[in-house]
Amino acid sequence: MSNSEVRVRFAPSPTGYLHVGGARTALYNYLFAKRNGGKFILRIEDTDEARSTEEFIRMQMDDLKWLGLDWDEGPEWKTLKDSGAYGPYRQSQRLDIYKKYADQLMDSGRAYYCFLTDPEIEIQRQAAMKSGRPPQVNSPYRNWPKEKALEKMAKGDKAVVRFKVKDEEKRDYHLPDLVRSDVRFPSDMVGDFVLLRASGMPVYNFCCAVDDALMKISHVFRAEDHLSNTLRQMMIYDELGFKQPQFGHISLILGSDRQKLSKRHGAASCHEYKVNGYLPEALNNFIALLGWSSPNAQEILTMKEMAEQFHYDRLNSAAAVFDPQKLMWVNSQHLRALPNEELWKLVEPFLNEAGLTLPSDTDWRMKALEVYKTGMNTLKDAVEAFRPLSESPIELSPEAQETLTWPSTRIVVEAWRKGVEQTGSDYLSEEQFNKLQDQIKDEQNVKGKHLFMPIRVAVIGKPHGTELKMLVPLLHKRTLVARAENVLSQIKG
RNA sequence: GUCCCCUUCGUCUAGAGGCCUAGGACAACUCCCUUUCACGGAGUAGACACGAGUUCGAAUCUCGUAGGGGACGCCA
């Protein structure tokens with residue numbers, strides 16, 4: 001194993017946005033490849049004609065790109081053109097390959113045409129369950145000669161191709177698993193399964209086995225729900241004489257109710273996290289920790305650090321519950337670690353989308369970010385943080401109403417408005433602000449919260465928030481005056 | 001129903017027979033910093049599913065029970 005090349009793959013079926021569970025699988029494979037100087041391959045499993053679309057392929061790719069999980073081989077981003085020596089990388093374009101192997105199995109007597117209909121299969125299922133047997137298909141066609149089947153098909157009858165599971169010799173299949181304790185499957189655990197649909201389109205277990213072998217995949221890290229599929233794939237490997245990759249079945253990600261994570265638990269797709277202002281490195285960091293731990297107990301890791309530290313021996317075999325609160329914390333940590341210039345670039349689209357008009361000079365932006373950075377958990381939080389800094393009028397928050405009832409408020413705000421108006425420059429400096437505040441304190445004989453809360457209400461419409469000496473220098477004089485006047489007009493009596 | 005997997009604080013986890021009166025992180029709570037809010041800092045509370053066995057010694061090994069999850073498709 002050490003002298004053969006590490007080749008891992010991520011093989012999504014394009015039926016929507018990239019799911020966080022899928023993202024984690026992709027991430028582990030990616031990290032494993034990076035750690036071992038191997039290749040990370042993207043293969044598109046689009047054999048479900050009803051649900052797979054090119055649009056979905058693009059969406060999946062966009063999400064992978066956003067996460068920074070670049071693939072070495074696979075369809076190219078945007079063009080979808082194959083890149084790599086083992087293509088095509090879309091299963092829908094490998095149909096002739098699967099056909100060839102299906103024929104081979106047919107000729108060796110390990111596959112057969114089956115004409116069972118859905119209702120017939122359902123009756124078998126019910127009967128099997130009732131008598132305590134696993135619901136397996138028992139096809140009357142499994143020993144038909146090929147010619148007889150072909151004749152029937154010539155008359156227009158549709159048939160699937162089934163793999164003939166050997167029932168004469170019952171044996172245990174042994175699966176050495178990189179993540180959990182080794183698994184033993186009894187060979188009668190599965191019934192004859194479908195290889196090719198009536199339409200000729202191959203089915204997952206078949207193409208997966210064929211492709212992993214042909215694409216020289218060395219390790220397969222995939223979710224646990226594929227564990228029982230592995231037996232079918234092992235049978236195919238055996239029969240076709242393929243070398244089996246090493247498997248590692250990762251635990252599932254669950255929602256708060258301990259069911260498989262899905263849309264009903266809230267955001268389950270990477271795209272939603274992107275739109276909601278999460279950083280890709282934070283999402284990677286968080287999902288990596290759902291089932292893997294850093295050897296030195298690090299909680300906040302960059303992609304580079306994860307790639308340096310990743311090993312499957314630290315993969316956890318137990319399922320993990322997705323905790324949005326912790327994700328938010330992880331996000332806030334990554335966000336704070338970002339240089340302001342970079343952070344601004346990321347925040348700007350959210351501010352624009354919210355329609356905020358803010359000063360364009362870099363100095364102002366950096367200062368403003370410095371002020372609000374520690375209060376932000378997501379990029380989107382910038383919108384509410386920056387809203388009071390835009391020139392548009394502000395609304396008074398309900399909690400500001402109490403401040404308005406204080407007798408001193410009118411006096412303070414009036415003095416504030418006058419003071420600001422008399423300032424020579426467009427913006428007050430921190431020193432100018434301090435001076436003005438002291439002046440009001442002395443002249444009006446007001447101090448403590450009766451002094452700064454009214455001023456803050458006059459500035460941002462809320463009694464709580466950032467330190468005034470940081471905040472005030474970010475606002476244009478005329479905005480400050482306009483807001484002070486607005487507040488004065490709302491004080492009764 | 002059948003088979004397979006899993007089981008340490010509410011959540012993510014550390015832990016590979018003595019280092020464990022079980023460590024860390026998120027969340028919760030308390031205090032400090034702060035003329036507010038956050039940030040930050042210091043603390044408190046909180047777990048080895050249960051029962052047998054192996055052993056001088058078990059969170060760690062074995063078996064059983066219970067619970068959870070997954071699979072059983074012409075979905076992947």
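Chain A is divided into domain 1 (3-92 + 253-321), domain 2 (94-250), domain 3 (338-389) and domain 4 (398-489); such bounds come from an automatic or database domain assignment. This is a predicted model, in which local features need pLDDT of at least 70 and side-chain atom pairs count only at pLDDT 80 or more, while totals for chains, interfaces and linings use all residues. Residues are numbered from 1 along each chain as its sequence is written, chains are lettered from A and ligands numbered from 1 in the order in which they are written, and side-chain values use heavy atoms, with hydrogens and water left out.

**Where domain 1 meets domain 3**

Taken over C-alpha atoms, the centres of domain 1 and domain 3 are 29 Å apart. Seven residues of domain 1 are in contact with six residues of domain 3, contact meaning heavy atoms within 4.5 Å. The size of an interface is often given as the accessible area lost when the parts come together. Here the buried area is about 460 Å², with carbon and sulfur atoms giving 65%; buried area is the accessible area (1.4 Å probe) that two parts lose on being put together, summed over both. On the domain 1 side, Asn 276, Gly 277 and Leu 279 lose the most area to domain 3, together 69% of what that side buries.

How many salt bridges link domain 1 and domain 3? The count is zero, a salt bridge being a side-chain nitrogen of Lys or Arg within 4 Å of a carboxyl oxygen of Asp or Glu. Two residue pairs, both at pLDDT 80 or more, are in polar contact between these domains. A polar contact is a pair of N or O atoms within 3.5 Å; within protein, one must be able to donate a hydrogen and the other to accept it, and residues adjacent in sequence count only if both atoms are side-chain atoms.

**Around the RNA**

RNA strand B has 62 residues around it, and Arg 180, Arg 197, Gln 259, Gly 448 and His 464 come nearest; a residue is near a strand if one of its heavy atoms lies within 4 Å of it. Among the atoms of RNA strand B within 4 Å of the protein, 75% belong to sugar or phosphate and the rest to bases.

| Protein atom | Atom of RNA strand B | Distance |
|---|---|---|
| Asp 48, polar side-chain atom | sugar or linking oxygen | 2.9 Å |
| Ala 198, polar backbone atom | base oxygen | 3.3 Å |
| Gly 448, polar backbone atom | base oxygen | 2.9 Å |

**Some local details**

A search of the whole structure finds 30 salt bridges. One of them joins Asp 103 and Lys 99, whose closest N and O atoms are 3.1 Å apart. Both residues lie in helix α3 (residues 95-107), four residues apart, about one turn of the helix. Helices (H or I, at least four residues) and strands (E, at least two) are DSSP runs, numbered from the N terminus.

Most residues other than glycine have a negative phi, and most peptide bonds are trans. The peptide bond from Gly 87 to Pro 88 is cis, with omega near -5 degrees, and Pro 88 sits in the loop between β4 (82-83) and α3. Lys 78, although not a glycine, has a positive phi of about 75 degrees; Lys 78 is found in the loop between β3 (74-75) and β4.
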